[in-house]
Amino acid sequence: MSTPPTMKEAVKSSLLGSDEPVNLSASYRATFLSNAKKDENTGELVMGPEEFVDAIAPVNEDYTKIHRNQYGILFRVADRSGNGHITLGDWAAFLNLLNKSDAEYEIAFRLFDVDRTGAVKYEDFRKLYELNKGQGSIPFDWDCEWAKLYIGDKTKRHNLTYPEFSQMLRGLQGERIRQAFQRFDKNKDGYIEPEQFAKIIIETAKHKLSDHLLENLSTLCNISTSSKISYANVRAFQNMIKEMDLVELIIRKAISQSSDGKITRNEFLNEAAKITRFSLFTPMEADILFHFAGLNEPSGRLGLQDFAKVLDPQWVSRGVSEYSQRRAEALQRGQSASRSALMQVAESAYSFLLGSVAGAFGAFMVYPIDLVKTRMQNQRGADPGQRLYKNSIDCFRKVVANEGFRGLYSGVLPQLVGVAPEKAIKLTVNDIVRGVFTDKKSGHIELPYELLAGGTAGACQVVFTNPLEIVKIRLQVQGEMVKATEGAQKRSAMWIVKNLGLKGLYKGASACLLRDVPFSAIYFPTYSHLKKDLFGESPNKKLGIVQLLTAGAIADTSTSRSA
């Protein structure tokens with residue numbers, strides 16, 4: 001009997017990794033179950049259009065930019081089979097789609113791909129566009145030269161693939177703005193009224209703008225001597241809001257270098273020139289940004305709070321006093337810090353537990369090999385005729401014959417006890433040092449600092465590894481000593497610790513440092529770069545077991561050491 005396809009996909013994703021999350025979280029599953037109803041024919045839990053809207057747009061939330069019922073248009077995207085209902089599998093696939101980097105384009109493509117053929121027809125695209133635009137919307141000419149470049153003219157229409165469709169969609173807003181400007185420019189002098197500009201922007205980009213911007217759109221004419229708005233003003237405004245994420249990055253970078261936490265227009269442009277390869281923002285675009293951010297601050301030197309009115313589409317003026325606003329912000333930061341601290345503690349405990357179990361399991365599985373290695377190393381100084389073992393296989397056989405199978409695990413208990421603190425110290429120190437030298441914005445760390453982090457971790461772990469190595473080796477070799485010496489007794493780990501004392505437990509620590517520091521300094525950066533550079537690990541790509549094992553094996557091989 002063959003394995004079901006879903007099981008094959010799950011196994012493949014687990015072993016080889018996946019670009020998409022495959023597991024439905026408990027909260028998302030609970031959302032489905034709380035809104036789903038039992039299908040009368042099949043008995044399966046499903047969601048119809050109304051239940052779907054309730055799930056993705058709960059009734060008790062605030063929808064200031066988009067009406068709640070407009071979310072219903074996404075139902076067709078989620079309904080993969082076209083049966084008029086959504087199963088738990090459909091729900092999981094829809095949530096995975098939302099997590100994709102190109103989710104905005106792919107959702108639109110699936111929506112306009114009416115026949116689910118993997119291509120969008122011109123007729124479907126135009127029909128759905130016209131059906132979903134609001135009443136009184138500015139008309140759009142589908143026979144314009146811009147549209148013909150993508151879909152051909154009336155006699156030679158062609159379907160759009162996903163890459164072609166997404167590229168057309170990217171430029172559609174700009175063409176809508178151009179056509180709207182031409183429609184309002186009755187005098188053909190390149191100017192429109194501020195109210196007409198506001199109508200264009202509200203129709204094409206309302207959901208992306210803050211209330212502060214929407215309320216003050218008509219003031220754009222104040223940046224020039226004219227009482228009207230030119231086409232250059234309109235395009236500059238569009239470019240600014242289209243690159244809003246980059247604008248915020250530049251502002252934060254510039255403000256972090258400012259002594260008073262404020263910047264001017266020229267400082268913004270200077271920082272933009274450093275961050276971007278080309279001069280991405282024009283003087284007019286900077287003027288527009290500072291105009292809207294500085295409506296209440298005429299000095300021209302603005303802080304992050306001023307820019308937040310422009311950058312954050314969720315920013316809404318509540319009419320509260322500045323003191324109350326500061327208290328609310330301080331409280332929110334405190335709560336976020338508390339949640340963050342608790343989350344870090346939980347994640348650290350979880351990582352510690354996983355590392356301890358994994359380390360103990362690995363140490364137990366390879367311990368017989370380690371014992372054979374130690375016995376072989378212990379007889380190197382003996383004359384050939386006096387050596388107990390000819391080779392590793394002979395050593396393995398004689399240990400089993402003379403001491404039994406349990407003899408292969410002599411001294412394993414100290415090894416297992418010490419694995420948890422050893423791994424915890426090594427991983428924690430490496431993470432702490434890497435965190436200190438990692439650039440907080442880009443997440444990049446220079447190679448010398450990676451080596452320093454690994455080396456420091458290796459040095460710190462010697463605190464635990466040296467005593468464990470001493471006790472372990474004594475226990476490993478005492479089996480052959482008992483056989484060779486009449487009347488000799490096997491000693492416990494506690495007896496060895498008491499007999500050696502603290503000073504004796506740290507004999508050979510310098511040799512341990514010479515081994516562990518270079519090993520960790522090479523291992524950690526190698527493992528990290530293999531995952532990132534060879535297998536492409538990223539926040540959007542989870543590596544599978546095979547990839548992680550391969551990266552670990554290669555890193556360990558490159559830093560092969562002898563105990």
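The views below are of a predicted model, in which local features need pLDDT of at least 70 and side-chain atom pairs count only at pLDDT 80 or more, while totals for chains, interfaces and linings use all residues. Residues are numbered from 1 along each chain as its sequence is written, and side-chain values use heavy atoms, with hydrogens and water left out.

**View 1. Crossing of helices H9 and H10.**
Helix H9 spans residues 162-184 and helix H10 residues 194-205; helices (H or I, at least four residues) and strands (E, at least two) are DSSP runs, numbered from the N terminus. The two axes come within 10 Å and cross at roughly 155 degrees, so H9 and H10 are roughly antiparallel to each other. Axes are lines fitted to C-alpha atoms, for helices over the stretch in contact, and angles run from 0 to 180 degrees between N-to-C directions. Residues making the contact (heavy atoms within 4.5 Å) include Gln-173, Arg-176 and Ile-177 of H9 and Gln-196, Lys-199 and Ile-200 of H10.

Gln-238 is found in helix H12 (residues 231-242). At 2% relative accessibility, Gln-238 is buried (under 20% relative accessible area; exposed is over 50% and partly exposed in between, with a 1.4 Å probe and protein chains only). Apart from neighbours within four places in sequence, Gln-238 is in contact with Gln-173, Gly-174 and Ile-177. Ile-177 is 61 residues from Gln-238 along the chain, and their C-alpha atoms are separated by 8.7 Å.

**View 2. Stacked rings of Phe-364 and Tyr-409.**
The structure holds 28 aromatic pairs, where rings of Phe, Tyr and Trp (its six-membered ring) pair if their centres lie within 6.5 Å, and planes under 30 degrees apart count as stacked, over 60 as edge-to-face and the rest as tilted. The ring centres of Phe-364 and Tyr-409 are 4.6 Å apart and their planes are at 20 degrees, so this pair is stacked. Phe-364 belongs to helix H17 (residues 322-378) and Tyr-409 to the loop between helix H18 (392-403) and helix H19 (412-437), 45 residues apart. Phe-364 is partly exposed at 36%, whereas Tyr-409 is buried at 19%. Asp-370, also in H17, is buried with a relative accessible area of 16%; its C-alpha lies 9.5 Å from that of Tyr-409.

**View 3. Aromatic cluster.**
Ring pairs link a cluster whose members include Phe-109, Phe-112, Phe-125, Tyr-129, Trp-142 and Trp-146.

**View 4. Buried residues of helix H5.**
In helix H5 (residues 88-98), the buried residues include Asp-90, Trp-91, Phe-94 and Leu-95. The buried residues of H5 pack against H2, helix H3 (49-56), helix H4 (75-78) and helix H6 (103-112).

Most residues other than glycine have a negative phi. Arg-116 has a positive phi of about 55 degrees and is located in the loop between H6 and helix H7 (122-132). Lys-188, with phi near 55 degrees, is in the loop between H9 and strand S3 (191-192). Arg-116 is partly exposed at 41% relative accessible area, and Lys-188 is exposed at 63%.

Terms used: Parallel < 35°, antiparallel > 145°, perpendicular 65-115°, else oblique.
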